[in-house]
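Visitor: I'd like a quick tour of this one, salt bridges included. Could you walk me through it?

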Amino acid sequence: GSPHWSPFLRGPLSMVVGAGGRVAEAALRALLRRLITESMITLSLPPDRATIPCRPELRYMPRNTVASWFRNIAGGGRVQGDSARRAWRATRMGILRALHEAQVPILLGTDAPQVFSVPGFSIHREMETMVEAGMSPYEVLMSGTRNVAEHFGTLAEAGTIEVGKRADLILLDANPVDAVANVQRRAGVMIDGRWLPESEIQRGLQALAAQYESLVLPFIVLL
């Protein structure tokens with residue numbers, strides 16, 4: 001019988017799949033499975049302005065950059081009001097849920113740095129939101145590892161931990177398949193065979209925070 005299509009996809013499908021149009025439907029299903037979508041940065045757009053200043057990762061961005069982000073969500077900004085941001089987030093979660101249900105391959109990624117999206121931190125918020133949208137922790141982990149390698153044709157040297165593959169990996173103190181939040185419980189990271197213990201990572205973050213405490217970068221305005 002016909003598959004169940006999410007309301008987010010039912011409209012476009014109805015224009016190309018009519019009653020009895022099984023051949024067209026099968027072709028469209030095949031096309032959908034070939035599509036790749038990226039996890040969208042707006043998935044981590046904060047729905048509640050009052051909680052934003054509590055985000056610890058803001059320490060790792062220049063002060064004037066963070067100030068510009070707050071202006072984006074203030075009156076007259078791009079997405080003003082908590083209700084508008086919640087609606088925006090709900091729409092994008094619905095799109096992600098629909099694509100996942102249609103078995104469209106998902107690639108993990110955030111367009112950082114963007115509004116309240118701090119490199120190295122936003123990806124964790126994104127992963128938790130993907131679970132909220134219906135993906136399992138295992139599927140989320142696949143979206144940032146094997147799926148990426150398959151998409152770019154590099155599975156022979158990356159994407160999984162195997163003998164002979166590139167030594168880029170993360171060692172955790174808890175199982176991320178149980179909860180994607182466990183990805184943040186790092187023992188260390190290996191980059192191209194070089195081991196970085198968590199203590200070294202934290203020292204680097206502390207130095208970065210100290211640098212941005214006093215540094216204010218000039219604005220670049222696009223007219």
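Visitor: In what order do the elements of the protein chain run from the N terminus on?

Guide: Keep in mind that this is a predicted model. The protein chain has eight helices and five strands. Read from the N terminus, they come in the order α-α-β-α-α-β-α-α-α-β-β-β-α.

Visitor: What share of the residues in the protein chain is buried?

Guide: A residue goes down as buried when its relative accessible area is under 20%. The protein chain has 223 residues, and the buried share comes to 35%.

Visitor: Which side chain meets Arg146 in a salt bridge?

Guide: Side chains of opposite charge can pair when their charged atoms come close. With 3.0 Å from N to O, the partner is Glu150.

Visitor: Is Glu198, which pairs with Arg186, buried or exposed?

Guide: The salt bridge between Glu198 and Arg186 spans 2.8 Å, N to O. Glu198 belongs to helix α8 (residues 198-214) and Arg186 to strand β4 (residues 186-191), so the pair ties together parts 12 residues apart in sequence. The relative accessibility of Glu198 is 18%, and the cut-off is under 20%, so Glu198 counts as buried.

Visitor: What is the N to O distance between Arg166 and Asp168?

Guide: Arg166 is partly exposed, with 43% relative accessible area. Asp168 is partly exposed as well, at 39%. Their side chains form a salt bridge with an N to O distance of 2.7 Å.

Terms used:
Residues are numbered from 1 along each chain as its sequence is written. This is a predicted model: local features need pLDDT of at least 70, side-chain atom pairs count only at pLDDT 80 or more; totals for chains, interfaces and linings use all residues. Side-chain values use heavy atoms; hydrogens and water are left out. Helices (H or I, at least four residues) and strands (E, at least two) are DSSP runs, numbered from the N terminus. Buried means under 20% relative accessible area, exposed over 50%, partly exposed in between (1.4 Å probe, protein chains only). A salt bridge is a side-chain nitrogen of Lys or Arg within 4 Å of a carboxyl oxygen of Asp or Glu.
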